[in-house]
Amino acid sequence: MREAFDRAFGHSPAVAASAPGRVNLIGDHTDYAEGFCLPMPLPLETHVALAPAASFRARSEAMAATLAFDPYGPPRGDWTDYIAGPLAELAKTGFEVPPVEILVRSSVPAGAGLSSSAALEVATLRAVLALTGQRLSDGEIARLAQAGENNYCGVQCGILDQMASAAGRRGHALLLDCRTNTGRRVPVPSAFHFNIVHCGAPRRLVDGAYNARRKATADAARHLGLPMLRDADASGLAALTDGEMLKRARHVVTENARVLAAVAALEAADLHSFGALMNESHASLAGDFDVSTPALDRLVESARRAGAIGARLTGAGFGGCIVALVPAGLPEWWPGVAAANPHAWLV
Ligand code: GLA
C-alpha cells in the first residue's frame, strides 16, 4: 500500500493496520437484546495506511476518490462517516486524534451484510492508535466503533459486527455475550466448511426495518417487565398478547438458546447438530422475525438440496448473504446452487 499511498498523497504512510469482515454463523438479531451471537472473522479484510497531515482526508481505492472529512464536524453522508465516527468517539474519550490522511483498500464486499463498515471502523481505530502510541483493548475498540456508527452515522446497530472484527481470530468462532461485551474463542474443527453466498439482490429498506425490529424487541421486554429479552425464557412469553410482538420475542429467546447449543455442537465436532440449528435459525428469522426475502429463502433451500448440512441467512437479512455448512469434498455443491440461483455469487 506504500506506493498507492504515495501516489494518492505525495508522501509515505506512517502506519498501517487491518481488520476483517465477519460472517455470523448463528445468533442474529440477538445482540441488541444483550443476547448471544457466534460470528467468525473472514479472510477478507480492510487495510488502511495513514500519515499525519494538515487536515483529514481519505481515499478509497474502490471509490477512486479522495475526500476531505472532519470528525469534529457534521457527517458527510458517505463512506468517510465510518472513519470520522469512530475518530469522533476516540476524541470524546480524551484520546489524541491528530489530522491524518488515510488510504483504504478492502476485499470485504460493501453492502453484503459481511461487516465492511465495522472492518473499516476497527482498522481506522487500530491505525490511529498505532500512530499515536496509545492502547485500547479489543472490546474498547469495538465499543468506540459501534458508538461511532450509532452516534455519527445514525445506524442503531448492536455490537456484533465490531466485536467480531476487533476480537475475532482466524480459524475460531467467537461466542459473544452482548450483555458483558465479552467473547470466548471457539476453535472451528477442520470438518466444518462454511460457504457464504450472496443472493444477488440488493438489501432493501434495511435501516427502517432494522430499527423497527429493534424497537419491537425492546417493547416486548418492557411488556414482560424485564430489562432485556436476554432475561426472558420461552415459558414466560405467553404473557405477550400481541401476536407480532410474541413472534419477534420468540425469535430472540429461541435464537439465544440455539447459539449456546451450537457452541456445544462445535466443541463436540457434531456437524449434524450444528447444521440442524442453522436450519432452525433460518426458519425463525424468516417466520418469527420476518427478515428473510424470497431470494434468500430460495437460496437456503437450494443450498440444502445441493447437500449443505445446514443453511441460514446471515446478518441483518432483507437481502445480502446466506451461510451454508457444506461437507468437505462436495465439488458439485456450488454448481448445483448456482444453476438454481443465477444471480447468486459465491463470496
Ligand atoms: C447487523 C447489525 C448487527 C446485528 C445484525 C443482526 O449486522 O449491524 O449489530 O444486529 O445486523 O444480527
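This is a predicted model: local features need pLDDT of at least 70, side-chain atom pairs count only at pLDDT 80 or more; totals for chains, interfaces and linings use all residues.

Trainee: Let us begin with helix α3. How far apart are its end C-alpha atoms?

Mentor: They are 25 Å apart. Helix α3 covers residues 116-132, and at 1.5 Å a residue its 17 residues should span 24 Å, so the two values agree.

Trainee: Is α3 largely enclosed or open, and why?

Mentor: It is largely enclosed by the rest of the structure, because 13 of its 17 residues are buried. A residue counts as buried when its relative accessible area is under 20%.

Trainee: And what follows α3?

Mentor: Gly-133 follows it, with a positive phi near 70°.

Trainee: Which residues have the most contacts inside the largest nonpolar core?

Mentor: They are Ile-83, Leu-87, Leu-90 and Ile-102, in a core of 40 residues. Several elements give two or more residues to this core, including β1, β2, α2 and β5. The largest share comes from α3, which supplies seven residues.

Trainee: What does Leu-87 touch?

Mentor: Leaving aside residues up to four places away in sequence, Leu-87 touches Phe-56, Phe-69, Pro-71, Val-97, Thr-124, Leu-125 and Val-128. There is also a second, separate core of 38 residues, and Tyr-210 and Ala-316 are among them.

Trainee: Changing topic: where is His-29 found?

Mentor: His-29 is in the loop between β1 and β2. Its phi is near 60°, a positive value in a residue other than glycine.

Trainee: Is His-29 buried or exposed?

Mentor: His-29 is buried, with a relative accessible area of 4%. Ala-269, in the loop between α7 and α8, also has a positive phi, near 50°. However, Ala-269 counts as partly exposed, at 45% relative accessibility.

Trainee: Now the ligand. Which residues are around it?

Mentor: Among them are Arg-22, Asp-28, His-29, Cys-157, Gly-158, Tyr-210 and Ala-316.

Trainee: What lies 2.6 Å from an oxygen atom of the ligand?

Mentor: That is an N or O atom in the side chain of Tyr-210. For Arg-22, a side-chain N or O atom is 3.2 Å from a ligand oxygen atom. Gly-158 instead places a backbone N or O atom 2.9 Å from an oxygen atom of the ligand.

Trainee: How much of the ligand's accessible area does the protein cover?

Mentor: The protein covers 92% of the 300 Å² that the ligand has on its own.

Conventions:
Residues are numbered from 1 along each chain as its sequence is written. Side-chain values use heavy atoms; hydrogens and water are left out. Helices (H or I, at least four residues) and strands (E, at least two) are DSSP runs, numbered from the N terminus. The expected span of a helix is 1.5 Å times one less than its number of residues. Buried means under 20% relative accessible area, exposed over 50%, partly exposed in between (1.4 Å probe, protein chains only). A nonpolar core is a set of buried Ala, Val, Leu, Ile, Met, Phe, Trp, Tyr and Cys residues joined through side-chain atoms within 4.5 Å. Contact means heavy atoms within 4.5 Å. A residue is near a molecule or strand if one of its heavy atoms lies within 4 Å of it. A polar contact is a pair of N or O atoms within 3.5 Å; within protein, one must be able to donate a hydrogen and the other to accept it, and residues adjacent in sequence count only if both atoms are side-chain atoms. Accessible areas come from the Shrake-Rupley method with a 1.4 Å probe; for residues, only the protein chains shown count as cover.
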